[in-house]
Protein chains: 4
Amino acid sequence: MKVDATMAQIDHMAQRITALGLTPQVIHGKHQTVIAALGQERAGLTEVLEPGEGVEKVLPIMAPYKRASSELTRERTVVKARGLEVGGTRVTVIAGPCSVESEEQIVVLARKLKDLGATGLRGGAFKPRTSPYSFQGHKELGLKMLATARAETGLAIVTEVMAPEHVPMVAEYADVLQIGARNMQNYQLLQAVGDSGKPALLKRGMSATLEEFLLAAEYILDRGNPHVMLCERGIRTYEDHTRFTLPLATVPYLHDKSHLPVVVDPSHGTGKSKLVIPMSRAAVAAGADALILEVHEDPEHAVSDGAQSITPAAFGQLMDQCRRIAAAVDRTL
Amino acid sequence: MKVDATMAQIDHMAQRITALGLTPQVIHGKHQTVIAALGQERAGLTEVLEPGEGVEKVLPIMAPYKRASSELTRERTVVKARGLEVGGTRVTVIAGPCSVESEEQIVVLARKLKDLGATGLRGGAFKPRTSPYSFQGHKELGLKMLATARAETGLAIVTEVMAPEHVPMVAEYADVLQIGARNMQNYQLLQAVGDSGKPALLKRGMSATLEEFLLAAEYILDRGNPHVMLCERGIRTYEDHTRFTLPLATVPYLHDKSHLPVVVDPSHGTGKSKLVIPMSRAAVAAGADALILEVHEDPEHAVSDGAQSITPAAFGQLMDQCRRIAAAVDRTL
Amino acid sequence: MKVDATMAQIDHMAQRITALGLTPQVIHGKHQTVIAALGQERAGLTEVLEPGEGVEKVLPIMAPYKRASSELTRERTVVKARGLEVGGTRVTVIAGPCSVESEEQIVVLARKLKDLGATGLRGGAFKPRTSPYSFQGHKELGLKMLATARAETGLAIVTEVMAPEHVPMVAEYADVLQIGARNMQNYQLLQAVGDSGKPALLKRGMSATLEEFLLAAEYILDRGNPHVMLCERGIRTYEDHTRFTLPLATVPYLHDKSHLPVVVDPSHGTGKSKLVIPMSRAAVAAGADALILEVHEDPEHAVSDGAQSITPAAFGQLMDQCRRIAAAVDRTL
Amino acid sequence: MKVDATMAQIDHMAQRITALGLTPQVIHGKHQTVIAALGQERAGLTEVLEPGEGVEKVLPIMAPYKRASSELTRERTVVKARGLEVGGTRVTVIAGPCSVESEEQIVVLARKLKDLGATGLRGGAFKPRTSPYSFQGHKELGLKMLATARAETGLAIVTEVMAPEHVPMVAEYADVLQIGARNMQNYQLLQAVGDSGKPALLKRGMSATLEEFLLAAEYILDRGNPHVMLCERGIRTYEDHTRFTLPLATVPYLHDKSHLPVVVDPSHGTGKSKLVIPMSRAAVAAGADALILEVHEDPEHAVSDGAQSITPAAFGQLMDQCRRIAAAVDRTL
C-alpha cells in the first residue's frame with residue numbers, strides 16, 4: 001500500500017482479496033503497510049488489484065506457467081519424432097535450407113546433412129515474410145519435396161506452420177511443427193498445434209520475456225500435447241552488428257524453470273554465417289539439447305536468408321567442433 | 001510517364017512490367033501518369049524499362065512499402081467508418097473498456113462516452129491473453145453486446161479480430177477491425193482483413209520497426225483494402241516504470257513517410273492510468289489523427305487492464321484538455 | 001522464500017533481517033512463506049538478502065532516492081540561473097549550437113535566439129565525442145566566447161562539463177553546468193558539480209532507468225546542491241528511424257515521483273531536424289518545464305550534429321507553435 | 001606505398017598527411033610500408049593523396065577505429081601483466097570478490113583462487129554505486145589489501161579506477177587498470193589510463209555498440225598504450241530474468257574486427273550465480289581469451305553483488321568444466 005494509504009483503504013483491499021478467494025494478511029510496517037494475498041496464484045490478479053485506491057504496487061510470487069514449470073513436473077521431457085530425440089544425452093542437430101527451393105535441392109542437401117550427422121531436416125514450405133512482395137514459399141508442393149527427402153534419408157522433417165487452418169495439411173507431411181517467432185503469441189495457432197498432438201518446436205518471440213515464452217508453451221501443453229521444444233532464436237535489442245542478439249543464458253535458465261528441452265538457432269540468432277560456428281559451440285557448452293541451423297549449397301544464391309546460411313562444408317566443421325564440445329559436457333552429438 | 005504519354009504507351013509499359021514478373025499499378029494524376037511496378041526489386045530494371053516509349057524516367061523507390069508510401073500517393077487517406085472519420089481535421093476519439101464484460105456495462109458506458117465526445121467505441125470480445133488461464137473474452141456474445149451499444153448510441157464499433165476464420169463473423173458486427181500488436185505479422189490475418197474490405201486499425205508490434213509496420217499495412221492494402229489506420233501503442237524497451245515505452249516521434253515520422261492516418265494508444269503505451277491524460281495531450285500535440293483509450297466505470301474491478309484504464313470522469317477531463325491542444329494545432333476534437 | 005524452503009532456512013533469514021536492523025514478519029501461505037522486512041529502506045539490501053538459502057526473491061517497496069523524491073519534499077523545485085527559471089509556470093527555452101564554433105557564430109546566433117524568445121544559450125565548449133579523432137571542442141576559448149555572447153544578450157549560459165577537474169573553470173563562465181548522458185553515472189563528476197553549488201542540468205543516461213536517473217541526481221543533491229534539473233534526451237532502443245527513442249511519459253512520471261523540474265531535449269531525442277518541432281510541441285503538452293534545442297545558422301555546415309539542428313527560422317516557428325501549446329496547458333513560454 | 005617506395009617518398013607523404021590536418025602513422029611491414037592517416041574522414045582525400053610519388057593506392061578504411069582494427073594490425077595482441085597473459089593459447093581466469101572487504105578476506109580467498117588455477121585477482125577498492133548511500137569501497141586501504149594478497153600469492157591485481165585523478169595512485173598498486181561499464185565513454189579517464197601505459201581492461205558500456213566500444217579502446221591506444229583488453233559484461237535489454245543480457249557473439253565478432261584480446265564477465269553478464277558456470281563454459285567455447293568472475297567465501301554476506309557471486313567450491317567446479325571446454329577448442333586453462 002502507499003505510504004499515505006488510509007486504514008479504510010487497507011481494509012477495503014483486504015476485503016477485495018477475500019472476495020477473490022484468497023486470504024489477506026496485513027503487515028503494518030513503520031512507514032508502510034503490506035498486504036499479502038495467500039492462495040492459488042492465477043493470471044490477471046495483478047491487473048485486478050493494482051488500480052485499488054491506496055495501492056502502491058502488486059508483486060506476484062509464483063510461476064504462472066504450471067504445466068511447463070519444473071516446480072510440478074520434475075522429470076525432464078524428451079521429445080521424440082521419428083529418429084529425432086531432443087532432451088536426452090545426445091545433442092541433436094536439425095539442419096537444412098531456409099526455404100525449400102526444389103526437390104533436387106532438398107534431396108541432395110538432405111543426403112549430405114544426414115552423412116554429416118544431422119537427424120532432423122529443416123526447410124520452409126510456408127514462409128512468413130516481412131513484405132507481401134517477397135517469395136512466400138512453395139506451400140504444399142514444398143511439403144511434398146520435404147517428404148521425398150525424408151523418404152530418401154530417414155531424416156525427421158521440421159517445418160513451419162503459419163495458420164490454424166494449415167495445421168492438418170502440414171501435420172500430414174511434417175514430423176515436427178515449427179511455430180515461428182512472429183507467431184509465438186498467435187494463440188489460435190498454438191491451440192491448433194496443441195490439438196494436433198504433433199511434436200512442436202516453439203520459437204521465442206523476438207521481444208518475448210521468458211515468462212511469456214513459457215506461457216505460450218502452456219497454450220500447447222494445455223491442449224494435452226506434451227511434445228514441446230522451446231527454441232531460443234535471438235531477441236531484438238539495440239545491437240546493430242548482428243541481426244538479433246542471441247542470449248544463451250536462456251538455456252540454463254529454462255532448464256531450471258521448465259522440464260522442456262531447449263533448442264538454439266544460431267543462424268537467426270546472429271544473422272551472420274561467420275558467427276554460426278562459434279555460437280553453435282557456445283550453445284552446446286551452455287547445455288542446449290539441440291541446434292537448428294540454416295545450411296545451403298550456395299548461400300549467395302539462396303532465395304532467402306543467404307547471409308546467415310553456411311555451406312555443407314562449414315556444417316561438417318561445425319559438427320566436428322560441436323562433437324568435441326558435447327563430449328566436454330558429457331554428451332554426444 | 002511523360003506528360004504527353006498516350007494511353008497506348010501506358011498500356012504497353014504496364015504489359016512490359018507484367019512480363020518482367022512484376023505487378024503494375026497505374027496511377028492517373030492530374031498532370032501525369034505514374035506506373036508503380038510492385039514486386040521483388042532487382043538490379044538492372046531501370047535500364048530495361050527506361051528506353052520505353054513515353055517513359056519520362058524510372059525511379060527505384062527505396063521504400064519497400066509502395067502502397068502505404070507517401071511517395072506515390074500524395075493525398076492523405078481519411079478512413080471513414082459509420083460516424084468515425086480518421087485522418088481529417090478533426091482529432092477522433094475511440095474509447096471503451098478493455099474487455100466487453102456485460103451488455104449493461106457496455107451500453108451505460110457507451111452513452112457516457114458519446115456524451116463526452118467519443119465517436120468510436122472500443123471493447124474486446126476476443127481477447128489475446130498471455131496466459132491460457134486468463135479470461136479470453138465473451139466472443140460472439142460480446143460482439144452482440146457491442147452491436148446493442150451501437151444501436152443505442154450510434155458510436156462506431158472498433159474491436160479486435162484474432163484469427164482469419166473469425167474475420168467474417170467479426171466483420172458482421174464491427175465497423176472497424178482491430179489487429180492487435182501480437183498479430184501485426186500474422187500474415188494470414190492481415191490478408192483476411194484485407195479481403196474483407198472493412199476499415200482496419202493495425203497496431204504496431206511491440207518490437208516492430210516502422211518499416212516492418214508499414215509492410216504489415218502493405219499486406220492489407222495489397223488485397224485492395226485502402227482503409228487502414230496505423231496505431232502506435234508503445235514498444236518494448238528496457239524501461240521498467242511503464243508497461244511499454246510510447247515513442248511519439250512515430251506520429252510525425254509516419255505522416256512524412258505514409259499517407260495513412262495515425263492513431264495513438266496512450267493506455268497500452270504507458271500501462272498506467274496516471275500517465276494517460278498527459279500522454280494523450282502530447283499525442284494530439286505531436287499530430288495524432290485519433291486516440292484510442294481504455295475507459296472503465298470502475299477500473300479496480302475491470303476483468304482486464306484495470307491499471308491502465310481511466311474513469312469516465314477522468315475521460316471527461318482528458319477530452320477538455322485535448323480539445324484545447326487540438327485547437328492549438330488548428331484542429332478540432 | 002522458495003516453495004521448498006525449510007523452516008530452518010526461514011528462521012535463518014528472519015535472524016539475518018534482524019541482524020540488519022530491520023524487523024522480520026513471517027507470513028505462512030499455503031504454498032509458500034513470505035518474510036516482510038520492516039524498517040528504514042537502504043540501498044544494497046536486495047543484493048545482501050537475495051543469495052540467502054531458500055530465498056526465491058527480494059522485492060523492495062520504497063523509493064531509494066530520498067532527496068529527489070516527492071515523498072519527502074512536496075514543494076516543487078524552481079531552478080534559477082541568471083534570467084533562466086525552470087520549474088515555474090513559464091516554459092523555458094534553452095537553445096544554441098551543438099558546438100561553439102567561433103565568437104561571431106555564437107554572438108550572432110545568440111542575438112537571434114534572444115529575439116525569438118530563448119532565455120538560455122546552450123553551446124558545447126568541451127565535447128564528448130565517440131571517436132578520439134573527432135573535434136573535441138574549443139575548451140576554455142569556447143567558454144570565453146559563450147561569456148561574450150552572454151554579455152551581449154543577457155542569456156544564461158548552459159554548457160557541458162566533462163571532468164571533475166574542469167568544474168571550477170567551467171563554473172567560472174557558465175550559469176548552468178550540464179552533465180551529459182554518457183556521464184550520468186560518473187560519480188566523481190556528479191559530486192564535483194554538487195560541491196560547486198551551481199545549477200545543474202543532468203541528462204538521463206541513454207540506457208538509464210528512471211530510478212538510476214533519480215539516484216544520479218541524488219549524488220548532486222546529497223552534496224548540498226539543490227539546483228538540479230532532470231533532462232530527458234532519449235533512450236537507446238531497437239528503433240532505427242530515429243537516433244534515439246524519446247519517451248515523453250518520463251515527464252509526468254518524474255513530476256509525480258520527484259519535485260525536480262524536467263527538461264526535454266527533442267534534438268538528441270530524435271536526431272532528425274524534421275521531427276524536432278512536433279516533438280517540442282508534444283513535450284510542452286506532456287508538461288515539460290523547459291526545452292533544450294540545437295539551433296544552427298547553417299546546419300549543413302555545422303561541425304557536429306547538423307542532422308538534428310534546426311535553423312533560426314524553424315526555431316521561430318517552433319516558438320510560435322509551442323507558445324500556443326503552452327497556453328493550452330495554462331502556461332506561458 | 002609501393003613496394004619500391006623510398007624513405008624520402010614515405011616521409012613526404014607523411015608530411016602531406018600532416019598538412020591536411022591528419023595524423024600519419026607509418027607502419028613498416030616486411031614487404032611494404034603502409035601509412036595510416038588518422039583523423040576526421042572526409043570526401044576527396046583519395047584524389048588528393050593518390051597522385052603522390054611512391055603511392056600504390058589510397059584505401060578509405062571504413063572502420064573508424066584504426067588502431068584497434070585488425071585491418072592494419074594483423075598480429076593478435078597478447079596483454080601481459082605480471083603472471084597474467086591474455087590473448088595467447090591459454091584461457092586466463094581472473095577471479096575475486098566484488099569489493100575488497102578486509103585484508104583477511106582477500107588474502108585467504110586469493111590463496112584458494114590461486115590453488116584452483118586463477119592467475120589474476122579482481123577486487124574493488126573504488127566502487128561505482130548507483131546510490132550515494134551504498135558502500136563506496138575502502139579506496140586506498142583496499143588497494144593496500146590487494147597488494148598484500150599479491151605479495152602472498154603472486155596473482156596479478158585487476159582493480160577499477162573511476163577518475164582520472166586516481167590513476168597514478170591505483171596504478172601504483174594494480175597490475176591491470178579496469179575501466180567500468182559506466183565509464184566506457186568517460187574520455188578523460190580513458191586518456192589518463194592511456195597515458196599511464198598500464199595494461200587496461202575496458203568493460204563494454206551497458207548500451208554501447210561494438211563500434212563505440214572499439215572507439216573507446218581507441219582513446220587508450222591513441223595515447224600510445226597498446227595493452228588493452230576488451231571485456232563483454234552484458235548489455236541492457238528488455239529481458240528481466242537476468243540482470244543483463246550476455247551476448248557472446250561479441251567474442252567472435254571482436255576477434256574478427258580487432259586484434260585485441262576479449263574477456264567475458266559472466267557474473268555481471270547474468271547477475272545470477274546459478275547461470276555463471278554454464279555461461280563461463282559457453283564463453284570459452286565461443287573463443288574468449290579470459291574470464292573475469294566474482295567469487296566470495298560467503299555470497300550471502302558479501303557487501304555487494306552477492307547474488308551473482310559464486311563460492312570457491314563452485315569456482316573449482318567451474319575451472320574443471322572450463323578446462324575441458326578449453327581443451328575441446330585446442331586451448332589450455
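The sulfur of A:C322 is 15 Å from the closest cysteine sulfur, which belongs to A:C231, and this is too far for a bond. A disulfide is taken here as a pair of cysteine sulfur atoms within 2.5 Å. A:C322 is also buried, at a relative accessible area of 0%; buried stands for under 20% relative accessible area, exposed for over 50%, and partly exposed for values in between, with a 1.4 Å probe and protein chains only. In chain C, the sulfur of C:C231 has its closest cysteine sulfur in C:C98, 14 Å away and too far for a bond. C:C231 is buried, with a relative accessible area of 0%. Over all chains, the count of disulfides is zero.

The structure is a predicted model, in which local features need pLDDT of at least 70 and side-chain atom pairs count only at pLDDT 80 or more, while totals for chains, interfaces and linings use all residues. Residues are numbered from 1 along each chain as its sequence is written, chains are lettered from A and ligands numbered from 1 in the order in which they are written, and side-chain values use heavy atoms, leaving out hydrogens and water. The predictor gives the complex an ipTM of 0.88 and a pTM of 0.88. For chain A the average pLDDT is 92, and 96% of the residues score at least 70; pLDDT is the predictor's confidence in each residue, from 0 to 100.

Aromatic contacts come next. Rings of Phe, Tyr and Trp (its six-membered ring) pair if their centres lie within 6.5 Å; planes under 30 degrees apart count as stacked, over 60 as edge-to-face and the rest as tilted. Four aromatic pairs are found over all chains. The ring centres of B:Y187 and B:Y219 are 4.4 Å apart and their planes are at 25 degrees, so this pair is stacked. It links distant parts of the chain, with B:Y187 in helix α6 (residues 187-196) of chain B and B:Y219 in helix α7 (residues 210-221) of chain B, 32 residues apart. B:Y187 is buried at 2% relative accessibility, and B:Y219 is buried with a relative accessible area of 2%. In chain D, D:Y187 and D:Y219 form a stacked pair, 4.4 Å centre to centre with 25 degrees between the planes. Both D:Y187 and D:Y219 are buried.

| Arginine | Ring | Distance from ring centre |
|---|---|---|
| A:R233 | A:F244 | 4.2 Å |
| D:R233 | D:F244 | 4.2 Å |

Helices and strands are DSSP runs numbered from the N terminus (helices H or I, at least four residues; strands E, at least two). Helix α1 of chain B (residues 7-19) has 13 residues and should span 18 Å at 1.5 Å a residue, which agrees with its end C-alpha atoms being 18 Å apart; the expected span is 1.5 Å times one less than the number of residues. In α1(B), the residues B:Q9, B:I10, B:M13, B:A14 and B:I17 are buried. They cover an arc of only 135 degrees around the axis, which puts them on the same side of α1(B); the arc is that of the directions from the helix axis to the C-beta atoms. B:A8, B:Q15 and B:A19 are exposed on the other side of α1(B).

Backbone angles close the report. B:D305, a residue other than glycine, has a positive phi near 60 degrees. B:D305 lies in the loop between β12 (290-294) and α11 (312-328) of chain B, and is buried at 8% relative accessibility.

Technical notes: Lys NZ or Arg CZ within 6 Å of the ring centre and 35° of its normal.
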